[in-house]
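Here's a friendly walk through one protein model. Have a look at the sequence and the 3D view first, and then we'll go spot by spot.

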Amino acid sequence: MANNEESRGLKSLFDWFANRRNKSGSSNLERQEREIADGLWNKCPKCGVLTYAKDLKANQMVCVECGHHNRVDSDERIRQLIDANTWKPLDEHLRPTDPLQFRDRKLYSDRLRETQEKIGLIDAVITGLGQINGLPIALGVMDFRFMGGSMGSVVGEKLTRLIEQATQRRYPVVIICTSGGARMQEGMLSLMQMAKISAALQRHQDARLLYIPVLTNPTTGGVTASFAMLGDLIIAEPKATIGFAGRRVIEQTLREKLPEDFQTAEDLLKHGFVDDIVPRTQLKKTLAQLIALHRPMPTTPNMMMWESMSFSSTVVE
């Protein structure tokens, strides 16, 4: 009897400690979740380190521990790149419509309205003119929050108009790419944007002007198949997923396992599809250097006379 009572006492004592530990653990977890939810801290999805939200934002949303690049919205991206008080947005009035009366689980028109109300954007790209370290630039920034950054008619029209403005003003063009591809709800109208933007870029190139796409995570589908890969210099962020078809589709088609680093920025750099991988904290400085190096030469009368003299002397020789 004594042994039974003693064992019951030990069991109840163990239960008490276990309950105490569980309560303490759950309360700590709830406290941690509450602090994270309050926006004071940010947990890195890669390494799990908690970083003070203000410190993370000061480091341009790059984890100070492992260098993981958290996704940023278009407004934040503009603040990171463009000099203060120099940003002039373009074509803010353009709004998407529903020409095909498309419906999947819900009407496309309803999906557009809900997304616009939720994130405060009209469509998946913001375009405008500004300066980077005092140098003029035409900038387009895609936003993955708006239907996966999908390329619809408004995205194509705004980017085309941006490029045409840049060609007219002789500005370099930089497009921050992040997209799941063409917007299926607009069908062929979405696919037409690939050709339209590419044609505008060709005219920009014919004018001997600079175009730099910056590929961020993820850049896929029709965006990759068009303007994302047409740059004079193609820059990518570290570890960004870049490709056309998805990894699972390719594996099922080829019936073989793909390497772990397949469709990463590092893999594309190795195979020559990307010219450089630039951390976000160095992006503004790098773009400013590249733009300064590729500034168009002034077509002044003195310059034209010098070119004529140089050509004449070459003929004589």
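Let's start with Cys-63, which touches Cys-44, Cys-47, Leu-56, His-68 and Asn-70, leaving out residues up to four places away in sequence. Touching, or contact, means heavy atoms within 4.5 Å. A quick note before going on: this is a predicted model, where local features need pLDDT of at least 70 and side-chain atom pairs count only at pLDDT 80 or more, while totals for chains, interfaces and linings use all residues. Residues are numbered from 1 along each chain as its sequence is written, and side-chain values use heavy atoms, with hydrogens and water left out.

**The cysteine cluster**

Where does Cys-63 sit? Its place is the loop between α2 (53–58) and α3 (74–81). Helices here are DSSP runs of H or I with at least four residues, strands are runs of E with at least two, and both are numbered from the N terminus. With a relative accessible area of 3%, Cys-63 is buried. Buried means under 20% relative accessible area, exposed means over 50%, and partly exposed is in between (1.4 Å probe, protein chains only).

Cys-66 lies in the loop between α2 and α3 too, but Cys-66 is partly exposed, at a relative accessible area of 37%. Setting aside neighbours within four places in sequence, Cys-66 is in contact with Cys-44, Lys-46 and Cys-47.

An unreviewed UniProt entry lists Cys-44, Cys-47, Cys-63 and Cys-66 for "binding site". Why can we say that they gather at one spot? They span 23 residues in sequence, yet no two of their C-alpha atoms are more than 8.8 Å apart, so they come together in one place. Of these residues, Cys-66 is included in the lining of the largest pocket. A pocket is found on a 1 Å grid over the protein atoms alone: it is an open set of points where a 1.4 Å probe fits, with protein on both sides within 12 Å along at least five of seven lines, and lining residues have an atom within 4 Å of a point.

The unreviewed UniProt entry also lists residues 44–66 for "zinc finger region: C4-type". UniProt positions are given in the numbering used here, feature names are shortened, and annotations may be inferred rather than shown by experiment. In the model, the end C-alpha atoms of residues 44–66 lie 9 Å apart, and the span is 26% helix and 13% strand.

Gln-185 is placed in the loop between β6 (173–179) and α6 (187–206). Is Gln-185 buried or exposed? It counts as buried, at 7% relative accessibility. Gln-185 and Asp-98 are 87 residues apart in sequence and 8.1 Å apart in space, C-alpha to C-alpha. Beyond its neighbours within four places, Gln-185 is in contact with Leu-100, Phe-102, Asp-104, Tyr-108, Arg-111 and Met-147.

Leu-100 lies in the loop between β3 (88–89) and α4 (108–119) and counts as partly exposed, at 45% relative accessibility. Together with Met-188, Leu-189, Leu-191 and Met-192, Leu-100 makes a nonpolar surface patch of about 470 Å².

**Helix α10**

Helix α10 covers residues 283–293, and its buried residues are Leu-283, Thr-286, Leu-287, Ala-288, Leu-290 and Ile-291. What covers them includes α3, β4 (125–132), β5 (135–142), β6, β7 (211–219) and β8 (235–236).

Most residues other than glycine have a negative phi, and most peptide bonds are trans.

Pro-218 is found in strand β7.

**The whole chain**

How many helices and strands does the protein chain have? It comes to eleven helices and nine strands. Of its 317 residues, 40% count as buried. Among contacts in the chain with a separation of 6 or more, residues 24 or more positions apart account for 67%.

Key
Patches are made of residues with over 30% relative accessible area and no salt bridge: like charges are joined within 9 Å, nonpolar side chains (Val, Leu, Ile, Met, Phe, Trp, Tyr) within 5 Å. Accessible areas come from the Shrake-Rupley method with a 1.4 Å probe; for residues, only the protein chains shown count as cover. A salt bridge is a side-chain nitrogen of Lys or Arg within 4 Å of a carboxyl oxygen of Asp or Glu.
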